[in-house]
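I set out to look up a few packing features and to record each one in turn. My entries follow the structure shown here.

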Amino acid sequence: MTAQSNITPESIVADLRYLQLLSRSFPTIAAASTEIINLEAILNLPKGTEHFLTDIHGEYEAFQHVLKNASGAVKRKVNEIFGHTLREIEKKELCTLIYYPEEKLQLIKATETDIDDWYLITLNQLVKVCQNVSSKYTRSKVRKSLPAEFSYIIQELLHESTIEPNKHAYINVIISTIISTRRADDFIIAMCNLIQRLTIDSLHIVGDIYDRGPGAHIIMDTLCDYHNFDIQWGNHDILWMGAASGNEACMANVIRLSMRYGNLGTLEDGYGINLLPLATFAMDTYADDPCTIFAPKTNFADSTYNEKTLRLITQMHKAITIIQFKLEANIINRRPEFGMGGRKLLEKIDFERGVFVYEGKEYPLRDTNFPTVDPADPYRLTDEEQELIEKIHYSFMNSEKLKKHMRCLFTYGGMYLVCNSNLLYHASVPLNEDGSFKHVNICGKEYWGKNLLDKIDQLIRTAYFDEDDEEEKRFAMDYIWYLWCGPDAPSFDKDKMATFERYFVADKSLHKETKGYYYALRNKEEICDRILEEFGVTGQHTHIINGHVPVKTIKGEQPMKAGGKLLVIDGGFSKAYQPETGIAGYTLVYHSHGLQLVQHDPFQSTQKAIEEGQDIKSTTFVIEFNSQRMMVKDTDKGKELVTQILDLKKLLVAYRIGLIKEKV
């Protein structure tokens, strides 16, 4: 029992029932031994590459391109492999083929005079790239990633050396046969997709997939089919989760944001939300109203909208905004414990004089036409508004695509994640001025730090899933809206959301939203250490990874804070933020050599990437470099494998001392 010297007969007996279950998967000494050998080997492979993205905000083209080029990793590997043996234009063409194989093949076949020769050269190049990106994985893991149709052939090509003359001829025959049987196109597509898949081992989305950009539903389609990912919910994601749960104030906010950014595609094309009732209501109600302040942000609106459509979106924008204020006031009245009575602002309007009266001061209104607001009862929905909301509610609750994407968000998402010594959450952990954790009262009980995020995670799930406890579900349904704009919500953490003021009051002093203490204190190393310790994250190389607040690089802001303990990686994927940030997003890359931050320039378009080979220009900064390469044994997965190995060793002992019999 030398190899199992730390395993005692007592520990075997204590775990006997579990070991008997384990023996069903490994019924013999040989089977258990083989698995131990396999797991020990995996522990000594380099750790897989993790990619971290945040605040994608519907920019699906840039998001998909970053996945396809692995934040520039594919280009780096092509340069490493081929160096000066290929011209720059040839390497660019190869990279574009790897990113967009179907589209690029069509262009090449339209111009290439000797397509068989091109196939022969290209297939050999792709084999070399594929061998490189698969080298850090076990054959078993690579095999599971292979398309069934070409699994055997790709395995042969990946694991045979071209140095030996006999093997070189063997590989050439395989490639020639692929070409002669007219399977080259399908095979190239399969190889390119495999390279993309193996270059990113796991993907972390640190919140805010939704709103602003045109294709959040396309991003969700991509994620739902992705091989290994997780999501830390952002405030915009939670807003959509609230809408999908049935919260009508969340629905109104979702629609308002879509109108504000001239983005109807996600609602109508993505989820089949019927906006016709809103359009009809808006045209009738605001027929002669210019609704000037509700014009969508045309810099980001779909350029295909004509003047008439933009006018309609403007009217719809105003209509849903007024409805939103009414619906939110109803929640505030229903939940005095939220402490948001001061955010009921329609009652502070002097409708006759067209002024907003706030804290004893009067402010002229930028828009004074309120045909649906009764000054005596400003938060009552008109009969037409009530009927409209019922139709919108029905549309949200019966969208099958929305249900599918919400299930994905719940299955692979949460408020935070601890992974390989990194703590991931989208926005904040509320703090007091002295850096202590802020206590937040929920249903008469106080929560703070990790327990607060755990409680909120549970409430969000209750709002969507729970059908047993009606009272708890109703509270959770209201609280999910609070998470969008409540002062003590970790996903928001500001004193107010100044939506009304930004629309209706020109004085910008009322637009100011004061952030919670977290956002100033996170610059201190000791505060970050306190938060990491609260979530059980210990060790030498630990980090907090945030999104939520765009890093204004153009003004000299840095994504690294607290001496590198905290990384804010919202660099402006959303086009709406790019004038503020001066860049177009960050990717944080954590591979076996350390941490790198990749800063992206704006992405032109998928079409230009395919036709002109225009890749995203990216700049890489080394944040942390490991003198010793990190192996799987140094990761969370490695700890799991070590536990599995110990269990298998116990099973071996149980077999050898006769407590469990082999099933030969």
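This is a predicted model: local features need pLDDT of at least 70, side-chain atom pairs count only at pLDDT 80 or more; totals for chains, interfaces and linings use all residues.

I looked up Gln324 and found it in helix H18. Is Gln324 buried or exposed? Its relative accessible area is 1%, and buried means under 20%, so Gln324 is buried. Leaving aside residues up to four places away in sequence, I listed its contacts as Ala252, Asn253, Arg256 and Thr499.

I then asked which residues touch the most other members of the largest nonpolar core. They are Trp481 and Ile531, in a core of 196 residues. Helix H18, residues 307-334, gives the most to this core, with 11 residues. I recorded another core lying apart from it, of 22 residues, including Leu19 and Val653. For Trp481, again without residues up to four places away in sequence, the contacts include Asn253, Glu328, Ile331, Ile332 and Phe338.

I examined helix H5 (residues 73-82) against helix H6 (residues 88-99) and noted an angle of about 135°, with the axes 10 Å apart. H5 is therefore oblique to H6. The crossing of the two helices is right-handed. On the H5 side I listed Val74, Lys75, Val78, Asn79 and Phe82, which meet Lys91, Leu94, Cys95, Ile98 and Tyr99 of H6. I sorted the residues of this contact into 7 nonpolar, 1 polar and 2 charged.

Methods:
Residues are numbered from 1 along each chain as its sequence is written. Side-chain values use heavy atoms; hydrogens and water are left out. A nonpolar core is a set of buried Ala, Val, Leu, Ile, Met, Phe, Trp, Tyr and Cys residues joined through side-chain atoms within 4.5 Å. Buried means under 20% relative accessible area, exposed over 50%, partly exposed in between (1.4 Å probe, protein chains only). Helices (H or I, at least four residues) and strands (E, at least two) are DSSP runs, numbered from the N terminus. Contact means heavy atoms within 4.5 Å. Axes are lines fitted to C-alpha atoms, for helices over the stretch in contact, and angles run from 0 to 180 degrees between N-to-C directions. Angles under 35 degrees count as roughly parallel, over 145 as roughly antiparallel, 65 to 115 as roughly perpendicular and the rest as oblique. A crossing is left-handed if the near helix is turned anticlockwise from the far one by less than a right angle, and right-handed if clockwise. Ala, Val, Leu, Ile, Met, Phe, Trp, Tyr, Cys and Pro count as nonpolar, Asp, Glu, Lys and Arg as charged, and the others, Gly among them, as polar.
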